[in-house]
Amino acid sequence: MLTTLDFVVLTVYLLGVAAFGVWAGGAQESTKDYFLGGRDLPWWAVCFSVVATETSTLTVVGVPAVAYGGTLTFLQITLGYLVGRILVGAYVLPRYYAGQLETAYAFLGDRYGSTMQGAASVTFLGTRLLADGVRLFATAIPLKVIANMSGLDATYFQIILVIGVATAVYTLVGGIRAVVWMDVVQMGLYVGGALAAIGFLLGDVPPGWWGKAVAAGKTNLIDLGLDASFGRWWTQPYTLGTAVVGGAIFSMASHGTDQLIVQRLLACRSEADSQKAVVGSALIVMVQFALFLGVGLLLWAHYDGASVEALGLQRGDEVFPKYIIEGLPAGLSGLILAGIVAAAMSSLSSSLNALASSSVNDLYERISGHSMSADRGLRVSRLLTLFWGVVFIGFASLFQDSSNPVVELGLSIASFTYGGLLGAFLLGLWHRGTRQVDALVAFVVSIGVMVLVIFGVWHSPTEGWLFVLNLSDARVEAANLRTIGWPWYTALGTAVNLVIGSVLALRHRDATKEGAE
């Protein structure tokens, strides 16, 4: 049960981050200051901001659950992340800096036209709204449970409102500079909380716990997947090949085409600084995932390998919050809960600023057909930040319980669109013969294909894939059907986009030759 001291710590944190964020943001004179920090942010701060942005509450409570219920093979995915970000730094970022672009989708506008840029931007807006709106709601779930256990009758809306307002205040006033510096603080908070939890867990676990974990296979780091059939190999997400190849392509999409991350990289002082930030983020994520997996392994030892059901819980990601309440001293519980809130706020603040940036640069100015003055641009940017803050709070408040299937859809929504976005970028870079209509058709088709694939399950080598809209369908459970491993989603979507776009471009081949002659 939380004490008065824990609630004081949480309250001080919320008030403190709002005040510090406003101060750290300084003054802005233009949209370039507001959205890119005047391109004058140090690379190490951007690096930490990138990591904090991609770390949500689900990471803080979900990664320990992976180790608690399984092994450490999840860490293999970070090898793919490193490869993907090296490719982003070497191949994608130079294109952005060469054109002095302000958003990820401005490249598509320059390459194909405003329709393609708008389509990519609208897709980004929808993806962020659903994914991060749901993440905001997901943050309220453990906080509501903990508050109720402590005798407070808190509602989801009240929790969402407090987090949303505190985040919107410093994001609206301080812009990207405030977001980046607050991300640095918030990352330090949730990492520090994890280290503190590990320290207390090491003092609680019984002697010989490591040997027991090794004997149970809990410490396995590498899974080559050689014991699985070819069909099953594609359905297992954490075999080494899947993790490296699928993880690399996923990371290329998330850090090379998603405005949420690209905006930070474009705020660095130089292309070289941006490259250091993106590659460095992969190394830090490796350490961070190892840290949270370590928490999960120690929790397994602390609870003597008890099942989630035996602990009176419904889901594995409730194990860490349970320990926070029951196993940590007063004050420290509040600090770690503040870390959970910090992870949510870092993602939300980044989304608010990125959404406003894309709305202004990709849509507003393109649709209006003219650029705005510095004062008007800054005013519109802040109004759009406020607008998206209200939308996020309202959207997250629509959910009433964590069993709503839309929650799972929202948390994995990037899988539907990342392949299409990365494919559009690569098509524009690699295939000079493609035109806007080719890119648009390929983009839409790739997203449509991914909807079918994500709702698809592997039936058998002879019958292939069975497409069902509900993966809890009795046919799925009775036949022990498997979905394709999630790291392959982006790779498949990218491949579909490239193939469709390249085939459509064949229509223009003769015209291109005649023009060249």
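Setting aside neighbours within four places in sequence, R85 is in contact (heavy atoms within 4.5 Å) with E54, S251, H255, V278, V279, S281, A282 and V285. Please keep in mind that this is a predicted model, where local features need pLDDT of at least 70, side-chain atom pairs count only at pLDDT 80 or more, and totals for chains, interfaces and linings use all residues. Residues are numbered from 1 along each chain as its sequence is written, and side-chain values use heavy atoms, with hydrogens and water left out.

**Around R85**
- R85 sits in helix α5, residues 77–98; helices are DSSP runs of H or I with at least four residues, strands are E runs of at least two, and both are numbered from the N terminus.
- With a relative accessible area of 1%, R85 is buried, which means under 20% with a 1.4 Å probe, counting protein chains only.
- The R85 side chain makes a polar contact with the side chain of S251 at 3.0 Å; such a contact is a pair of N or O atoms within 3.5 Å, one able to donate a hydrogen and the other to accept it.

**The largest nonpolar core**
- This core has 132 residues, and Y13, Y96, L299 and M345 touch the most other members; a nonpolar core is a set of buried Ala, Val, Leu, Ile, Met, Phe, Trp, Tyr and Cys residues joined through side-chain atoms within 4.5 Å.
- Helix α8 (residues 156–204) gives the most to this core, with 20 residues.
- Beyond its neighbours within four places in sequence, M345 has contacts that include Y13, I163 and Y170.

**The whole chain**
- The protein chain has 22 helices and 2 strands.
- Of its 517 residues, 56% are buried.

Key: Buried means under 20% relative accessible area, exposed over 50%, partly exposed in between (1.4 Å probe, protein chains only).
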